[in-house]
Amino acid sequence: MSATPSLDAAIHNSGPSRRFCVAPMMDWTTSHYRYLARLLSRNTLLYTEMVTTGALIHGDTERFLRHDPAEYPLALQLGGSNAGELAHCAKLAEQFGFNEVNLNVGCPSDRVQNNMIGACLMGHPDKVAEGVSAMIEATSLPVTVKHRIGIDGRESWDDLCEFIEKVAAAGCRTFIVHARIAILEGLSPKENRDIPPLKYDWVYRLKETYPELEIIINGGIKTFDECHEHLERTDGVMLGREAYHNPWLLAGVDAEFFGDAAPSRSRHEALRAMYPFIESELERGVFLTHMSRHLLGLFHGVPGGRQFRRYISENAHKPGAGLEVIQTALEKVREPERSAIAEA
């Protein structure tokens with residue numbers, strides 16, 4: 001039976017375009033990576049790393065939610081299951097200027113399971129629905145859910161439909177679906193990203209079954225050709241590791257999926273545009289290596305790219321390392337001629 005959210009919920013969950021998104025990834029989608037990503041694509045929807053409700057309520061809230069307005073559109077991903085805490089953190093998301101708040105129902109690590117966070121919540125759809133309802137009451141931001149297609153012990157099609165229908169009835173209109181189950185007993189988080197087989201057909205079937213819902217597909221997507229195939233059957237695509245390890249991929253997103261010109265015409269131009277941000281972060285006391293590690297893939301597959309990565313890796317961690325490390329590394333990669341840039 002198809003769940004039909006109210007018109008208010010539909011309006012509430014509209015928000016930014018989710019046609020092309022970069023997945024939330026712990027230790028990877030930091031504000032430093034996101035700043036680079038935004039220099040490559042204006043339209044890609046970016047997500048923070050997962051932040052737990054406990055960290056926001058009892059920790060350094062300012063530090064966890066700090067970001068640059070240049071990163072917008074930007075969604076905050078929360079980890080938690082207590083409805084009151086989720087509502088409080090959804091309010092914080094709005095106060096800090098985020099464009100969406102997303103609930104993590106996909107992370108399979110033991111640490112988050114023990115705190116009733118992440119993929120284990122697939123087995124508690126009523127609890128997820130309660131949390132989503134509380135978040136929607138607390139904020140005008142769109143509230144979305146990122147989840148798996150199941151977990152061990154609850155991996156049938158009917159189990160998935162029960163989850164979708166209960167959470168949709170609570171007002172959620174957007175579901176970001178990692179097209180694998182999560183195996184909570186016996187596999188590490190890394191293994192859970194690769195070993196359970198991808199079932200894209202299940203995500204397509206969700207969209208057919210619940211056409212009124214926005215269904216975003218995630219899991220193992222690497223190329224624009226694959227994205228276009230998925231977009232024929234779903235409302236949006238979310239890329240993870242490929243968008244991190246090969247960030248220049250994002251430079252083609254605006255033209256390919258939104259009909260817009262890319263903000264940077266070359267890798268060199270994009271990196272130079274990041275210099276003021278790097279300098280301001282250094283002045284704030286941030287170590288260069290915390291930023292430079294996110295730049296290593298920028299020249300992936302380009303002559304000189306290996307030398308670029310090596311120089312940064314060997315020098316960014318040294319005491320007092322500053323912007324000059326990035327500038328020297330950039331000199332090791334030949335800059336394309338202007339005519340070549342125009343043709344590209």
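Q: Which residues does Ser 292 touch, not counting residues up to four places away in sequence?
A: The model is a predicted one, and in it Ser 292 belongs to helix α16. Its relative accessibility is 2%, below the 20% limit for burial, so Ser 292 counts as buried. Once residues up to four places away in sequence are set aside, the residues it touches are Ile 312, Ala 316 and Ile 326.

Q: Is Arg 309 buried or partly exposed, and with which residues is it in contact beyond four places in sequence?
A: Arg 309 is found in helix α17, which covers residues 305-315. With a relative accessible area of 28%, Arg 309 is partly exposed. Leaving aside neighbours within four places in sequence, its contacts are Leu 296, Phe 299 and His 300.

Q: What distance separates the C-alpha atoms of Arg 309 and Lys 332?
A: Arg 309 and Lys 332 are 23 residues apart along the chain. The separation of their C-alpha atoms in the model is 9.7 Å.

Q: Within what arc do the buried residues of α15 fall, seen down its axis?
A: Helix α15 spans residues 275-283, and its buried residues are Tyr 275, Phe 277, Ile 278 and Glu 281. An α-helix has 3.6 residues a turn, so residues three or four places apart point the same way. The buried residues of α15 line one face of the helix, because seen down the axis they fall within an arc of 160 degrees.

Q: Which residue just after α15 takes a positive phi, and of about how many degrees?
A: Helix α15 covers residues 275-283. Just after this helix, a positive phi is taken by Gly 285, at about 100 degrees.

Q: How many residues apart in sequence are the parts that Arg 18 and Glu 214 tie together?
A: Arg 18 and Glu 214 form a salt bridge whose closest N and O atoms are 2.7 Å apart. Arg 18 lies in the loop between α1 (7-12) and β1 (20-22), whereas Glu 214 lies in strand β7 (residues 214-218), so the pair joins parts whose separation in sequence is 196 residues. As for burial, both Arg 18 and Glu 214 are buried.

Q: What is the N to O distance in the salt bridge of Glu 335 with Arg 272?
A: Glu 335 is partly exposed at 29% relative accessibility, and Arg 272 is partly exposed with a relative accessible area of 39%. In their salt bridge, the closest N and O atoms are separated by 2.9 Å. Glu 335 lies in the loop between α18 (323-330) and α19 (338-343) and Arg 272 in helix α14 (residues 267-273), so the pair ties together parts that are 63 residues apart in sequence.

Q: Which residue meets Glu 269 in a salt bridge?
A: Glu 269 is partly exposed, its relative accessible area being 25%. The N to O distance in its salt bridge is 3.5 Å, and the partner side chain is that of Arg 265.

Q: Which residues are linked with Asp 126 in a network of salt bridges?
A: A search of the whole structure finds twelve salt bridges. In the network that includes Asp 126, the linked residues are Arg 154, Glu 162 and Lys 166.

Q: With which residues is Val 132 in contact beyond four places in sequence?
A: Val 132 is one of the buried residues of α7, a helix of 14 residues covering 125-138. The largest nonpolar core has 99 residues, and Val 132 is among those with the most contacts inside it. Beyond four places in sequence, Val 132 is in contact with Leu 103, Val 143, Val 145, Val 167, Ala 170 and Cys 172.

Methods:
Residues numbered from 1 in each chain as written. Predicted model: local features only at pLDDT ≥ 70, side-chain atom pairs only at ≥ 80, totals over all residues. Heavy atoms only, no water. Salt bridge = Lys/Arg side-chain N within 4 Å of Asp/Glu carboxyl O. Helix = DSSP H or I, 4+ residues; strand = E, 2+ residues; numbered from the N terminus. Buried < 20%, exposed > 50% of the residue type's maximum accessible area, 1.4 Å probe, protein only. Expected span 1.5 Å × (residues − 1). Core = buried A, V, L, I, M, F, W, Y, C linked by side-chain atoms within 4.5 Å. Contact = heavy atoms within 4.5 Å. Arc of directions from axis to C-beta.
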